[in-house]
Amino acid sequence: MANEGQGGLDGIAGAVKRAGAKGLPPVHLWNPPFCGDIDMRIAGDGTWFYQKTPIGRPALVKLFASVLKREGDQYFLVTPVEKCGIAVDDAPFLAVELYCEEEAGGRTLHFRTNVDDWVACGPSHALRFEPEAATGGIKPYVHVRRDLWAKVTRALFYDLVDLGEQRDIEGRRMFGVVSAGQFFPIAPAAELKDRW
């Protein structure tokens, strides 16, 4: 995959296709040798770039997303025989759609990513909220798989705030959202008047 001169984007895609089968490939089981970095980047808005040009084929983006692996703070595209580094500006995915499922046992929040993965928020797919230093705001994320996260779009974040409630957590009043029986704190309740 690192030899971009032979086949370019289609060559990389071919190597990924040969490595995969139906469903998500078991990239967490693959530990091939590192072949260097390739000029691929996932921008903060979820756009994938190859050699500074947006990848315009959604099927190709989905293919690459299926073999994305994170190790520490680094991201790689992997096959059983090669591992190539790519750049990720923030999170590799965006959460672009939210569906609330109301059942007798409570509410479950389902998120769709920009590569059409659906995740049901809960113990296995947590929400986390990070402070955004530049704006003083909060950036929300939902766990997709194997230490890969999706940044929740601003519109969906407002939907989460609308679904929010207050609870006492370890002696502190927190504002957060519940999904699949789990409470995900967004911010201390005392800060609400300053934020929303």
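Two strands are said to pair if DSSP finds at least two bridges between them, and in this predicted model the bridge partner of Asp 168 in β14 is Arg 173.

**Sheet**
- An open sheet is formed by 3 strands in the order β13-β14-β15, with antiparallel pairing.
- Its edge strands are β13 (165–169) and β15 (182–188), each of which pairs on one side only, and the twist from one strand to the next averages 50°.
- Between β13 and strand β14, which covers residues 172–179, the antiparallel pairing runs over 5 bridges.

**Nonpolar core**
- The largest nonpolar core has 49 residues, and those touching the most other members are Trp 48, Ile 86, Phe 111 and Leu 127.
- Helix α2 (residues 58–66) contributes the largest share of this core, namely 5 residues.
- When residues up to four places away in sequence are not counted, Leu 127 touches Phe 111, Cys 121, Tyr 141, Val 142, Val 152, Leu 160, Val 177 and Phe 184.

**Cysteines**
- A disulfide requires a pair of cysteine sulfur atoms within 2.5 Å, and by this rule the count comes to 0 disulfides.
- Cys 35 is in no disulfide, because the nearest cysteine sulfur, that of Cys 84, is 4.9 Å away, whereas the rule asks for sulfur atoms within 2.5 Å.

Key
Residues are numbered from 1 along each chain as its sequence is written. This is a predicted model: local features need pLDDT of at least 70, side-chain atom pairs count only at pLDDT 80 or more; totals for chains, interfaces and linings use all residues. Side-chain values use heavy atoms; hydrogens and water are left out. A nonpolar core is a set of buried Ala, Val, Leu, Ile, Met, Phe, Trp, Tyr and Cys residues joined through side-chain atoms within 4.5 Å. Buried means under 20% relative accessible area, exposed over 50%, partly exposed in between (1.4 Å probe, protein chains only). Helices (H or I, at least four residues) and strands (E, at least two) are DSSP runs, numbered from the N terminus. Contact means heavy atoms within 4.5 Å. Axes are lines fitted to C-alpha atoms, for helices over the stretch in contact, and angles run from 0 to 180 degrees between N-to-C directions.
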